[in-house]
Amino acid sequence: MSDSTLEVIRHPLIAHKLSFLRDRRTQPAEFKELLDQITLLMTFHVTRSLEGDEVSVETPLETTWVRRIREDRLVVVPILRAGLGMLEAVRKLVPGARVGHLGFYRNEETLEPVRYYGKLPPHAGSSVFLVVDPMLGTGGTAAAAVAELKAQGATDIRMMCVVASPEGAVHMTARHPDVPVYTAALDRQLNAVGYIVPGLGDAGDRIFGTS
């Protein structure tokens with residue numbers, strides 16, 4: 001997958017916490033806390049290229065120049081509903097980030113994602129968009145979400161997930177070769193019903209306790 005847009009963020013702390021996230025015995029409250037922690041660690045890496053502006057501040061000793069990013073230029077877009085589980089952690093690091101929401105369901109006849117909800121901040125062209133969803137499975141929903149953002153004028157788009165499948169990575173590269181995808185793990189494959197294996201189950205159900 002040398003031509004893939006996927007980047008696996010390798011860090012011992014992420015791998016350690018992901019081991020508990022995968023465990024079927026992990027209960028919803030702990031699952032959500034682990035997801036928060038992994039998202040925090042990944043966000044540090046994913047936002048490393050954000051540019052700051054020089055501003056002057058008064059320290060207790062003197063005036064100095066420092067760099068500050070424009071937090072409102074970052075728009076976090078969780079894909080409903082599991083993506084909501086990653087939103088809070090990103091905003092802990094960038095509390096001034098704006099938030100958009102995109103919701104999709106799968107058409108049972110065509111198996112294609114259908115948007116049922118969308119609300120995005122204005123001025124898309126000047127913003128950095130971070131799409132978040134714990135799972136990149138077939139890649140269909142992620143690709144549709146990115147296409148929606150592009151249709152609204154977004155030009156700087158990144159995606160962050162926790163577990164990805166090779167099939168999803170290939171699909172995203174084919175559909176959106178200009179969009180980097182960051183993940184904590186690239187798993188073996190999709191099974192016959194479209195679940196990532198070994199995976200971690202249905203992330204939405206495990207976050208919200210609806211399994």
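Biologist: Is Thr5 buried or exposed?

Modeller: The model is a predicted one, and burial is judged in it from relative accessible area, with under 20% counting as buried. Thr5 has a relative accessible area of 15%, so it is buried. Its place is in the segment before strand E1 (6-8).

Biologist: Which residues is Thr5 in contact with, leaving aside its neighbours within four places in sequence?

Modeller: Thr5 is in contact with Thr173, His176, Pro177, Val179, Pro180 and Val181, once those neighbours are left aside.

Biologist: How should I read Gly199, and where is its place?

Modeller: Gly199 is buried because its relative accessible area is 4%, and the limit is under 20%. The place of this glycine is in the loop between strand E15 (196-197) and helix H6. Setting aside neighbours within four places in sequence, Gly199 is in contact with Arg22, Val163 and Asp187.

Biologist: Which residues of the largest nonpolar core touch the most other members?

Modeller: A core is read as a set of buried residues joined through their side chains. In the largest one, of 33 residues, those touching the most other members are Leu18, Leu21, Ile38, Met42, Met160, Val162 and Leu200. At least two residues each are supplied by helices H1 (12-22), H2 (28-46), H3 (84-93) and H6 (203-208), and by strands E4 (74-80) and E8 (128-132). H2 gives the largest share, six residues. Apart from this core lies another, of 26 residues, including Val75, Val77, Phe104 and Met159.

Biologist: What is Leu18 in contact with, leaving aside its neighbours within four places in sequence?

Modeller: Beyond those neighbours, Leu18 is in contact with Ile38, Val162, Val163, Ala184, Ala185 and Leu200.

Biologist: At what angle do the axes of helices H4 and H5 cross?

Modeller: A crossing angle is read against set limits, and under 35 degrees counts as roughly parallel. The axes of H4 (residues 140-151) and H5 (residues 166-175) cross at roughly 25° and come within 9 Å. H4 is therefore roughly parallel to H5. The crossing in which H4 passes H5 is right-handed.

Biologist: Which residues meet there?

Modeller: From H4, Gly140, Ala142, Ala143, Val146 and Ala147 meet His171, Met172 and Arg175 of H5. The residues of this contact divide into five nonpolar, two polar and one charged.

Conventions
Residues numbered from 1 in each chain as written. Predicted model: local features only at pLDDT ≥ 70, side-chain atom pairs only at ≥ 80, totals over all residues. Heavy atoms only, no water. Helix = DSSP H or I, 4+ residues; strand = E, 2+ residues; numbered from the N terminus. Buried < 20%, exposed > 50% of the residue type's maximum accessible area, 1.4 Å probe, protein only. Contact = heavy atoms within 4.5 Å. Core = buried A, V, L, I, M, F, W, Y, C linked by side-chain atoms within 4.5 Å. Axes fitted to C-alpha atoms, helices over the stretch in contact; angles between N-to-C directions. Parallel < 35°, antiparallel > 145°, perpendicular 65-115°, else oblique. Left-handed = near helix turned anticlockwise from the far one by under 90°. Nonpolar A, V, L, I, M, F, W, Y, C, P; charged D, E, K, R; others polar.
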